[in-house]
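Here are a few friendly notes to read alongside the model. Keep the view open and follow the strands as you go.

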Amino acid sequence: MDDTFFMKMALDLAEKGRGFTSPNPMVGAVVVKDGKVAGKGYHEAAGKPHAEVNAIDDAKACASGATLYVTLEPCNHFGKTPPCTEKILESGIKRVVAAVRDPNPDVKGDGAEFLRSKGVEVIFGICEREAKRQNEVFLKYIKTKRPFVTVKCASTLDGKIATKTGDSKWVTGEEARQFVHRLRHFTDAIMVGIDTVKRDDPKLTTRLDGITGRNPARIILDSRLSISEDAIVLQRNSGSDTIIVVTDSALDAALLRKKAKFEEKGIKIIESPTKGNLIDLDFLMGRLGSIGITSLLIEGGSRVIASAFSAGIVDKIFFFFAPKILGGDGVTICSGPGPALMSDSIPVKDVNIHRFGDDIMIEGYIR
């Protein structure tokens, strides 16, 4: 068993924290001595001990002289918890194998250099690609202070997300819909347009079989604050924020009174400038990042999805296709002006295909 074997074990451990660690990264750690696992741990939630601490505590005295495998460079600064480098030195660990360096520009390399100065061997690069993919949200946010943006949609084979009457229940089957709820659990915020709210009156919460999932913040694009006060999304106490985004030029006296009434109920209102008569999504991403939203799942509708691609804010897609054909009019995935030439279409890279029952999902990256 080599370094790769134990790092993959650490990556599997890190995955257990998905959905609970934001704004921190997912991290797993394994202590190995004489070729055998002596301790394991992962970062369970923001504010709780880091993976290295849990793994070393699990190993106890066996950590002395051992190798620590960790998916991210150990921290060397005080945050909500003490620096992991101090724990490593106290334990007597002699070798640290890390998948990737800490991308935080304020601390990058600091943990490794500190450990090396104390005689601990530190190497990087084992399973680096897998570790970066696992923490793609954290890696983007820590560098840009903007959320990692994913677009999800469910379509018939002829590209329709709803019928001409707006009916969309259900395009895909239960397995695919359960996966979408896992995506919500993994994500800080979910965003839809006001047309989706008016048509579907959605809950925008996480509903998982046998698991208490984390509800994302609900973000509604509603330029003129036209949402009904009776909308379900405004009634449910989900434990997360509800945010309505309006245009900064739309609030007349009546809407200002409505805004104040919403804010009294704890609903947050964000004012945004416009671009092309629509909410400026590029501006909005900076604003959402500034309030600590590290990841965003866009679920619709068709104009919002088209606007997101047009604004260049999308990082990743999950496109579901059900084995159904409407064979006529309906609501398309993207609605609005598009390019004149196929050569100007948006390329999707690093594509993976998954199957949920009879439904097919395409996963890919925009940039």
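1. Let us start with a term: two strands pair if DSSP finds at least two bridges between them. Strands of a sheet pair through backbone hydrogen bonds, either parallel or antiparallel. Please keep in mind that this is a predicted model.

2. Now try the idea on β9 (residues 217-221) and β10 (residues 242-247), which pair in the parallel sense over four bridges. Look for isoleucine 220: its bridge partner in β10 is isoleucine 244.

3. Nine strands form an open sheet, in the order β11-β10-β9-β8-β14-β6-β15-β18-β17, with mixed pairing. At the edges are β11 (268-272) and β17 (349-356), each pairing on one side only. From one strand to the next, the twist averages 20°.

4. What lies across β14? Helix α12 (residues 302-311) does, running at about 135° to this strand. Helix α12 also lies across β6, β8, β9 and β15.

5. There is another sheet to find. Five strands form an open sheet in the order β2-β1-β3-β4-β5, and the pairing is again mixed. Its edge strands are β2 (36-42) and β5 (121-124). Neighbouring strands here are turned by 15° against each other on average, direction ignored.

6. Valine 31 stands opposite glycine 39 in β2.

7. Helix α4 (residues 110-117) lies across β4 and β5, running at about 150° to β5.

Definitions and conventions:
Residues numbered from 1 in each chain as written. Predicted model: local features only at pLDDT ≥ 70, side-chain atom pairs only at ≥ 80, totals over all residues. Heavy atoms only, no water. Helix = DSSP H or I, 4+ residues; strand = E, 2+ residues; numbered from the N terminus. Axes fitted to C-alpha atoms, helices over the stretch in contact; angles between N-to-C directions. Contact = heavy atoms within 4.5 Å.
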